[in-house]
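Here are my notes on the helix packing and the ligand site, as promised. Have the model open while you read.

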Amino acid sequence: AKHEGRSVFRIYNDDMGRANIDKFNLMTQIRQALKDKQFRLFYQPKIDISNGRVCGVEALIRWPQEDGSYITPDEFIPLAESSGVIADIGHWVLQEACAACMRWRKQGHSNVGVAVNLSYVQFRDGLLERNVQHVLRQSGLPATALELELTESMLIGEGDDISRQLDGIYTMGVSFAIDDFGTGYSNLGYLRRFKASRLKIDKSFITGLGVSQRDEPLVRAIIQMAASLGLQSVAEGVEDEATLRLLKQLGCDEAQGYFWSQALPEHELTEWLNTHNS
Ligand code: C2E
Ligand code: CA
Ligand code: CA
Ligand code: CA
């Protein structure tokens, strides 16, 4: 198993394989973890390719285990979604991210905004608009410093209800990014309706740049499409300088990835900003 955590999750994972994970136990642990404030938010810098400067950070949730390992979000978010507890986790993430961003801005990094990943479940209770408003007010963060990341699947066939919530949040001044672009659906109709500012090219395409002959024309086409729709293009998962150079050639606007930094805890990101954002 990837995780050395002393959790029920791992025991079942080892003994019986993935398909037999004791989901009930893991769900109970997730709820408990939220109550016990075990979750942490890490932050990965986002870079403006044209000038190499930091333009913001993306908040990424972490679940540390007692032995120092982490259960990754890809492993617990889907379960947190199916049990509905993601609504509370998501609210905590929003509060924490806005508060941290406000602290950086007060420390002189006034150009830094924060991007937060949303789950489709957060639209269900119809409270998202109110929650966002509340969190902005509570933290003092300007709405324009907050970006919400949504995946394509959340925007496909999205009902009037979700549209209305998104419109309301957009009207406050919050911006939206389409996450994992290219991995969801071939139906691009939602791009006509949805008022996004950024299109994040999934890292599976970026990793292939320079390796697969096919990824370059694909990434080029996505960047051009974004530009013609008036969207900023963002490359995820940039790990080396050659990839960055190619993306710059292709006209990509922003990037994030291990080439600059992995996601870091708040105080480490503060240090990173102090050395890279002055
Ligand atoms: P995502 O939003 O697409 O986030 C990008 C993922 O790529 C992150 O994984 C990040 O750590 C990783 N990454 C960044 N740069 C590189 C790189 O250069 N190379 C490689 N190989 N990977 C890189 P992470 O943090 O494990 O998150 C996985 C997914 O979990 C996220 O994908 C997002 O969909 C979800 N997630 C994370 N935090 C939250 C959250 O607070 N709420 C919700 N609803 N979902 C979250
Ligand atoms: Ca994301
Ligand atoms: Ca992504
Ligand atoms: Ca993803």
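**Helix packing and ligand site**

1. Start with helix H4 (residues 86–106) and H5, which pack at an angle of about 30° with their axes 9 Å apart. That angle makes H4 roughly parallel to H5, given that angles under 35 degrees count as roughly parallel, over 145 as roughly antiparallel, 65 to 115 as roughly perpendicular and the rest as oblique. The axes are lines fitted to C-alpha atoms, for helices over the stretch in contact, and angles run from 0 to 180 degrees between N-to-C directions. Helices here are DSSP runs (H or I, at least four residues), numbered from the N terminus.

2. A word on provenance: this is a predicted model, where local features need pLDDT of at least 70 and side-chain atom pairs count only at pLDDT 80 or more, while totals for chains, interfaces and linings use all residues. Residues are numbered from 1 along each chain as its sequence is written, chains are lettered from A and ligands numbered from 1 in the order in which they are written, and side-chain values use heavy atoms, with hydrogens and water left out.

3. Back to that pair: H4 and H5 cross in a right-handed way (the near helix is turned clockwise from the far one by less than a right angle). On the H4 side, His 91, Leu 94, Gln 95, Cys 98, Ala 99 and Met 102 meet Asn 131, Val 132, Val 135, Leu 136, Gln 138 and Ser 139 of H5; contact means heavy atoms within 4.5 Å. The contact residues split into 7 nonpolar, 5 polar and no charged.

4. H5 (residues 128–139) also packs on helix H7 (residues 160–172): their axes come within 9 Å and cross at roughly 20°. So H5 is roughly parallel to H7, and the crossing is right-handed. Leu 128, Glu 129, Val 132, Gln 133 and Leu 136 of H5 touch Arg 164, Gln 165, Gly 168, Ile 169 and Met 172 of H7. The tally for this contact is 5 nonpolar, 3 polar and 2 charged.

5. What about H10 (residues 215–228) and H11 (residues 241–250)? Their axes come within 10 Å and cross at roughly 45°, which means H10 is oblique to H11. Glu 216, Val 219, Arg 220 and Ile 223 of H10 make the contact with Leu 246, Leu 247 and Leu 250 of H11.

6. For polar contacts (N or O pairs within 3.5 Å), a nitrogen atom of ligand 1 is 2.9 Å from an N or O atom in the side chain of Gln 44. A polar side-chain atom of Asp 180 lies 3.1 Å from an oxygen atom of the ligand.

Definitions and conventions: Helix = DSSP H or I, 4+ residues; strand = E, 2+ residues; numbered from the N terminus. Nonpolar A, V, L, I, M, F, W, Y, C, P; charged D, E, K, R; others polar. Polar contact = N/O pair within 3.5 Å; in protein donor to acceptor, adjacent residues only side chain to side chain.
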